[in-house]
Amino acid sequence: MKRGLIEWDPGELPRETLAARGERAQALLAAAGLDAALVYTNVAAPQLARYLTHFLPYWNEGVLVLPRAGAPTLFVALSNRVVPWIKRSAAVDDVRACRQPAVEAARLLAERGARRVGLAERGSFPYRLLAELERAAPAIAFVDWPALAAALALATDPVERRLRARARALAEHGLRSLGDTVDGRNAPQLAGQLDLALRLAGATDTRVLVGPLGRWPGIPRAEPLGRAANVLCEVEYQGHWVLVARTLGLPAADQHATSERLHHLCSPGSTVAEAAAAARGGALFAYRAGAAAPFVALAEEERLAVGDIVALVTLSPADGGALYGDTFAVMPDRLESL
Amino acid sequence: MGTESPYAERLARLRAMMAAERLDGLLCYGNGYRKDFLRYAHPAPTPSPYGFCLLTPEGGELFVEAPWDTQPAAETVQRVHGARTPAAVARLVAARVRALGLGPRLGLAGGEVLEAALYDTLREQLGPVELVPASHAVMELRYVKDTAELAAIRRAAAIADEGWKTFVRACRPGVPQYEITARCEGVVRELGAEDNFMLIASGTTDVYGMTPPSSRRLAAGDSVLTEFTPQVDGYYAQLCRTLTVGPPSAEQRRAFAIFRRAADAALAAARPGATAADLARAQNAVFREEGFGEYCTARYTRVRGHGLGLHFDEEPLLWEDVDFPLRPGMVLIPHPNTYLPLAGYMVFGDTLLITERGAERLTHTARILFEAGEDG
């Protein structure tokens, strides 16, 4: 659940930027011959709706109706008393609190005479919602509409880049606040101190995993960590997530060497498997910043496509079991650090 | 799985349910939105963004996103499987169902949050095996908490009490809301909470509800309120309290007295056999007696309380039309949280365990209107 700062500052995310994103989405709808799109959102998978409106649910779920022309409508399973907060913190004027957002969205579309409606990333909708949609508006054909997610090109969107860079700076600040050594702390203590530093600095949400050297980190448990600890830190700034992973207690030179290797493992257009093969016998995992969840795991055969924001994490026995990870913009000629 | 496992009782109840419902296996799903059904079958936390636990009459297996399959298996599962994408995980699940010869009826709990990408693959790969909705049957088991569940909720309640002390200390004039929640989050993490559902509000008659924290700075005369809901081993406990920045005004004192009376009325009414509606009516009666009956409606309030467990907003919801009898072992929080024109929105409530004779309060913070900076 989100407990950090959620505010919309039009100074850093201009209303015009969000309007332009909406217009591009509407052009894609028109090109596909669709009357409208539905975008599903919940606390853990809000990214497409966030991209269009900056709406960040702190719990529960909702459905955004984006017509081919005109203003969007947001249906949320939240109290009507929260509607003024949503209107302050997101660029959407028509917000309707209800118990069944999908049903209400389908009814609205039916009233407006919609015949063919795209589901932005149909696979990310709970399947129960698909059944609700079909029951509530049997005359409407609901079809998969992956075009919006495919066209995001987050890496080349300057506003998106700037806000992710802010999240990246928060992550760096948080990790630096832990110092250079484990210093006898257990996993919950490290996680608590990191969480505090991140949220005091304005993080919207965090996810911190901690484990001993040589192991993938887990949910922090009160177990001894030894001289070094693997820390995976995901940080959100106003809907923009980054992933950074480090080994605390590793000599700075080793940390730097691991970082350098990660930078050079991957190149634009390479597959995850190709990058992993170069990872000195260790494992490399790649994630794409998201259509629904903040990061979506990439399969081995998938490529690091130009325009993507990707997170890469590696843990290699050749590095003594150290963990290293970071978030990059995939540009035509290189992977750029945020 | 020896009889020593703290989860033996739960697994036995699940398997008895499976037999009663003629289920050959039970698939419990969870994702980042809700993991409660997954955690019921597989209590150990997984960092995986989603996962299935497959329970059979003899054993259990976990299916998660790699690399989180490298986390150690816990007491309820013997094997952990991993794959990189949702479709690959769903194919693994289906392959194990086929290999184990499970069918023709496979229960699915938590299917309400199951994404279509996973469901479609599962459905396609399972062939003739029927996916039978089982959330309701599992929820019937979840209402009454077992020994291990109550132990986790008691620890969560203790962390809520400690967290409230931090909240009281952190509230000072000029401090932004997000700094208060940051300090509370840091403390509850250090104390071992996995998560914490926390909302906040500050102000007076301009406050109609709680939201995530903003950059609004506290001012003298504010009421500051929070729902504080730490999660330990999957289980939530909740504490609702209000404080004032500086001495309370006459309106704040009067409003709080009403909330306290309403919460006391719910506490007195909480016993086996009483219904969710009884607890809602007991609270609303106090507001009506005071001439504030209209503030018991959906325009000003959401609910008069709710169950607690692996979700922070479980059934039964305490509304006047919910005829749901309370049973020993249920955990819930009655809270008369609403807007009043006296001093704006206020919150007040404690986590209760329904016992054979009445109710035991699991959170132990003083039932008073606090003042910022006091010893919580």
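At what angle do the axes of helix 8 (residues 187-200) of chain A and helix 7 (residues 177-190) of chain B cross? The two axes cross at roughly 170 degrees and come within 7 Å. Axes here are lines fitted to C-alpha atoms, for helices over the stretch in contact, and angles run from 0 to 180 degrees between N-to-C directions. Helix 8 of chain A is therefore roughly antiparallel to helix 7 of chain B. Angles under 35 degrees count as roughly parallel, over 145 as roughly antiparallel, 65 to 115 as roughly perpendicular and the rest as oblique.

The model is predicted: local features need pLDDT of at least 70, side-chain atom pairs count only at pLDDT 80 or more, and totals for chains, interfaces and linings use all residues. Residues are numbered from 1 along each chain as its sequence is written, while chains are lettered from A and ligands numbered from 1 in the order in which they are written.

Several residues build the helix pair. In helix 8 of chain A they include Pro188(A), Ala191(A), Leu196(A) and Arg199(A). In helix 7 of chain B they include Tyr178(B), Ala182(B), Arg183(B) and Glu190(B). Two residues are in contact if their C-beta atoms, placed from the backbone, lie within 7 Å. Helices (H or I, at least four residues) and strands (E, at least two) are DSSP runs, numbered from the N terminus. By class, this helix contact has seven nonpolar, five polar and seven charged residues. Ala, Val, Leu, Ile, Met, Phe, Trp, Tyr, Cys and Pro count as nonpolar, Asp, Glu, Lys and Arg as charged, and the others, Gly among them, as polar.

The whole contact between the chains takes 45 residues from chain A and 44 residues from chain B. On the side of chain B that touches chain A, helix 7 of chain B gives the most, with 10 residues. That side divides into 18 nonpolar, 14 polar and 12 charged residues.

Each chain also has domains, with bounds from an automatic or database domain assignment. Chain A has domain 1 (15-150) and domain 2 (154-337). Their C-alpha centres lie 31 Å apart. In chain A, 12 residues of domain 1 are in contact with seven residues of domain 2. Helix 2 (residues 47-53) of chain A supplies the largest share of the domain 1 side, three residues.

Chain B is divided into domain 1 (8-142) and domain 2 (147-371). Their centres, taken over C-alpha atoms, are separated by 34 Å. The contact takes nine residues from domain 1 of chain B and eight residues from domain 2 of chain B.
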